[in-house]
Amino acid sequence: ELAEVDKQNSDTDCALGNSFISPAEATSKPNRNDKSLEKHMKSFENRLQVLSKEFAANMSTVNNILLEHSNELKQINNPHPDSELTALKRENLELKNQNKDLTDRIRKRKPIVPAEINEVNKNLNGHRQKENQSENKPNITIVGDSMIKNINPRKLSRKRVNKFTFPGKRAEEIAFEIKNINVQLHPTHVIIHAGTNNLPTDTGDQCIKNIKGLCSSIKEKFPKAKLGVSSIILWKDIEVSSKMYQVNEDLKRLCNESGFSFIDNSIIDESGLNNSKLHLSAKASVLLATRFIKFLNPDKQLNEQPKVNSDLNCDWNKTPLDSHTQRLKNICVLYQLSQIIDEPTRVTKSSATQIDLILANNPESISNHGVIEIGISDHSLIYAVKKLVPLKGQRTCSEVRNFKNFNERLFLHDLSRIPWDYVNQFNNPNDSWQVWKSFFIEVLDRHAPILRKYIKTKRIPWLNASIKQLMRQRDFHKMMFKKINSEMHWEKFKTIRNKINAEILKLTISILKYLSVFSIRT
């Protein structure tokens, strides 16, 4: 048995010896696979080194972010006495106290509104309704470039105002478009604001010639209308300030020679332009509208009721008049002021003088006046009650599209049948845009027609632009608090909310003062 085992081992050794290669043979004949394996190992090591460096950089960034968030949480949990959060809490508490005081003042206050005011208002409203029914309101037409696009025609006059805006058009191009406009009634006044787009390329004489041609075209179309030519407003992107001043001077001279009215807009400077520096801002558009209103109503005074606050010490009924009283009466005659108090206002044992006065340039607007005796002073209390017109809500028109029967597949099919190549035949991009817009709107009106809805709104006197802005800020901070649960946003929300309440209370008090009986001592 041992001999058989030795034999098997010897056979196994022979087989293994034949399958292995000696070290000398291995070194003399290197394998190509080993070289490629070493090459892959080196590239793998290099890749591991790059990844380890990127991982270390990312971990350092994550650690910095975590450290910043931990610091912010510490500041929120333990605010510093001088931090923004503490200041907001302190301001919030002060506003709460102010609101409480104002609320108490309103509750104690009882506005005094005479019964005569309601009767006067009823008669006045009835008279106005009769006038509106019997009066045939004439038209007013405004023609110009994009500088007048922000002007609301309804706020210029109670008459019907038609506005025709031609963005990017020159004066001669507007003159060509005037022939195609359709106005039902011939206007009594026509306002022209053009020439802005002529300044970059035309000389001063050419610009005046083109504007003169535009005025002639409008005068030919509306021969009975009173024409007002608005001066050109400075355009910052065009370095033609000296040319603009010369054109406005020539335009003024042209208006004087032709019998037109010249509307001077020199009050509007570069600060009246919007962010694009090409068109007017909302504030400048209001200034331009006031210049148009002055042309439409040259005799109307914007400030109809001046207020004079001073200690005059002039006896109105003294005979003979002293120099100071005589000078005061001359001033009242010069500025058409009337003195409406007709009783002595300071009575003593030896004298009765009328030295407390109320001066008004429109005494018809005063419904009642008089003198009240009080015991706290030797001067009597004088008062005047002004006629008030209640605020009426305005009916606004809202235009919306009806998508009830809208079919997207049919809409796209109709759009595909339009000859869009016709748009590219124009050299002027404004003309191409008008053609493209007319094609698209025509298809859109068939599938989604426009519906007009009239909404009767009630004007709220205390809801002005500043309070609306505060309301938007209040709603934003409340929304952010709901999203991220930040105490900072919550404190800002409460602060702005209390500030809104304080502003509303202040305006309420001022309205009550306006509606109540007022006393003036001069």
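Q: Is Ala 175 buried or exposed?
A: Buried: Ala 175 has a relative accessibility of 9% in this predicted model.

Q: Which helix does Ala 175 lie in?
A: Ala 175 is part of helix α6.

Q: And what does Ala 175 touch, leaving aside neighbours within four places in sequence?
A: With those neighbours left aside, Ala 175 is in contact with Leu 214 and Ser 217.

Q: OK, zooming out to the helices. How do the axes of α6 and α7 cross?
A: The axes of α6 (residues 171-178) and α7 (residues 204-221) cross at roughly 15° and come within 8 Å. That makes α6 roughly parallel to α7, because angles under 35 degrees count that way.

Q: Left-handed or right-handed, where α6 passes α7?
A: The crossing of α6 and α7 is left-handed.

Q: Which residues make the contact?
A: From α6 you have Ala 171, Glu 172, Ile 174, Ala 175 and Ile 178. On the α7 side there are Asn 210, Ile 211, Leu 214, Ser 217, Ile 218 and Lys 221.

Q: How do the residues of that contact divide by class?
A: The contact of α6 with α7 has 7 nonpolar, 2 polar and 2 charged residues.

Q: Now the largest nonpolar core. Which residues touch the most other members?
A: Those are Ile 192, Leu 214 and Ile 218, in a core of 29 residues.

Q: Which elements give two or more residues to this core?
A: The list is α6, β3 (187-193), α7, β4 (226-230) and α8 (241-258). The largest share comes from α7, with 6 residues.

Q: What is Ile 218 in contact with, leaving aside neighbours within four places in sequence?
A: Ile 218 is in contact with Ile 178, Val 190, Ile 192 and Leu 227.

Q: What about the second core, how many residues does that have?
A: The second core is separate and has 20 residues, including Ile 142, Ile 263, Ala 284 and Ala 289.

Q: Switching to Thr 141. Where is that found?
A: Thr 141 sits in strand β1, residues 139-144.

Q: Buried or exposed?
A: Thr 141 is buried, with a relative accessible area of 0%.

Q: What does Thr 141 touch, not counting residues up to four places away in sequence?
A: On that count, Thr 141 touches Asn 162, Phe 164, Pro 187, His 189, Val 190 and Ile 191.

Q: Back to helix pairs: how do α11 and α12 cross?
A: The axes of α11 (residues 408-416) and α12 (residues 429-447) come within 10 Å and cross at roughly 155°. That makes α11 roughly antiparallel to α12, since the angle is over 145 degrees.

Q: And is the crossing of α11 and α12 left-handed or right-handed?
A: That crossing is right-handed.

Q: Which residues meet there?
A: Leu 410, Phe 411, Asp 414 and Leu 415 in α11 meet a set from α12: Phe 440, Val 443, Leu 444, Arg 446 and His 447. By class, the contact of α11 with α12 holds 6 nonpolar, 1 polar and 2 charged residues.

Q: Loops next. Where is Ile 355, and is that residue buried or exposed?
A: Ile 355 is in the loop between β8 (352-353) and β9 (359-360). At 15% relative accessibility, Ile 355 counts as buried because the cut-off is under 20%.

Q: How far is Ile 355 from Asp 315, by C-alpha atoms?
A: Their C-alpha atoms are separated by 4.7 Å, although the two are 40 residues apart along the chain.

Q: What about the peptide bond from Thr 319 to Pro 320, cis or trans?
A: That bond is cis, with omega near -5°. Pro 320 has its place in the loop between α9 (282-296) and α10 (323-334).

Q: And what is phi of Asn 485?
A: Phi of Asn 485 is near 55°, a positive value in a residue other than glycine. Asn 485 is in the loop between α13 (465-484) and α14 (487-515), and is exposed, with a relative accessible area of 60%.

Q: Last one, the whole protein chain: how many helices and strands?
A: The protein chain has 14 helices and 13 strands. Of its 522 residues, 30% count as buried.

How values were computed: Residues are numbered from 1 along each chain as its sequence is written. This is a predicted model: local features need pLDDT of at least 70, side-chain atom pairs count only at pLDDT 80 or more; totals for chains, interfaces and linings use all residues. Side-chain values use heavy atoms; hydrogens and water are left out. Axes are lines fitted to C-alpha atoms, for helices over the stretch in contact, and angles run from 0 to 180 degrees between N-to-C directions. Helices (H or I, at least four residues) and strands (E, at least two) are DSSP runs, numbered from the N terminus. Angles under 35 degrees count as roughly parallel, over 145 as roughly antiparallel, 65 to 115 as roughly perpendicular and the rest as oblique. A crossing is left-handed if the near helix is turned anticlockwise from the far one by less than a right angle, and right-handed if clockwise. Contact means heavy atoms within 4.5 Å. Ala, Val, Leu, Ile, Met, Phe, Trp, Tyr, Cys and Pro count as nonpolar, Asp, Glu, Lys and Arg as charged, and the others, Gly among them, as polar. A nonpolar core is a set of buried Ala, Val, Leu, Ile, Met, Phe, Trp, Tyr and Cys residues joined through side-chain atoms within 4.5 Å. Buried means under 20% relative accessible area, exposed over 50%, partly exposed in between (1.4 Å probe, protein chains only).
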